[in-house]
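Biologist: Please take a close look at one part of this model for me. I would like the side chains that might pair up, and then their setting in the chain.

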Amino acid sequence: MNEEISQAERIYDEYRKILLDRQLSNSERYDGALLSLSTGVLSLSLAFIKDIVPIDGLLITWVLVVSWVLFAISIILTITSYITSQKGISTQLEYAEEYYLKSNKDYLNKENPYSVWTERCNLWSGVCFILALVVTILFVSVNLYEAMRMSEKKSNSVPIF
């Protein structure tokens with residue numbers, strides 16, 4: 001019976017390690033993707049203004065400013081999550097030392113506040129990114145439509161001499 005339990009514990013430990021490795025990999029890719037996409041779309045939106053639509057013809061410019069703020073928040077939260085994640089790992093190592101080496105049972109399931117903040121930063125950076133993307137698409141769509149409408153209006157007008 002004890003052999004079955006120890007074999008189940010070994011299988012569980014291996015399975016847990018695989019899942020934790022996957023979780024770490026997913027977290028790294030998520031952070032990298034958000035950072036790359038946020039900075040990329042922010043750059044594209046800046047280029048859109050400069051190269052496609054004349055600044056004096058822009059509509060709902062406040063929407064663009066909102067998208068920039070949301071992209072900036074997404075970037076800041078992603079970078080913050082790197083910092084809180086590192087602090088969370090250090091704190092978890094301290095907890096492990098207390099539990100395993102000093103036999104302090106209070107540290108077995110002690111909540112790590114830095115891990116909580118890392119999860120919150122990751123969640124909100126994703127939410128801000130999605131909102132910024134939606135708002136940017138709205139801004140671009142409205143202004144492209146207006147630019148096309150103005151272009152058609154100019155080409156349809158007949159000069160009077």
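Modeller: Cys-121 counts as buried, because its relative accessibility is 6%; buried means under 20% relative accessible area, exposed over 50%, and partly exposed in between, with a 1.4 Å probe and protein chains only. The model is predicted, so local features need pLDDT of at least 70 and side-chain atom pairs count only at pLDDT 80 or more, while totals for chains, interfaces and linings use all residues. Numbering starts from 1 along each chain as its sequence is written, and side-chain values use heavy atoms, with hydrogens and water left out.

Cys-128 is buried too, at 9% relative accessibility. Now the sulfurs. For Cys-121, the closest cysteine sulfur is that of Cys-128, 10 Å away, which is too far for a bond. A disulfide is a covalent bond between the sulfur atoms of two cysteines. The cut-off used here is a pair of cysteine sulfur atoms within 2.5 Å. By that rule there are 0 disulfides.

Now the setting. The protein chain has 3 helices and 0 strands, where helices (H or I, at least four residues) and strands (E, at least two) are DSSP runs, numbered from the N terminus. The order from the N terminus is α-α-α. The C-alpha atoms fill a box of roughly 100 × 30 × 15 Å along the principal axes. Buried residues make up 24% of the 161 in the protein chain. Of the contacts (heavy atoms within 4.5 Å) between residues at least 6 apart in sequence, 81% join residues at least 24 apart.
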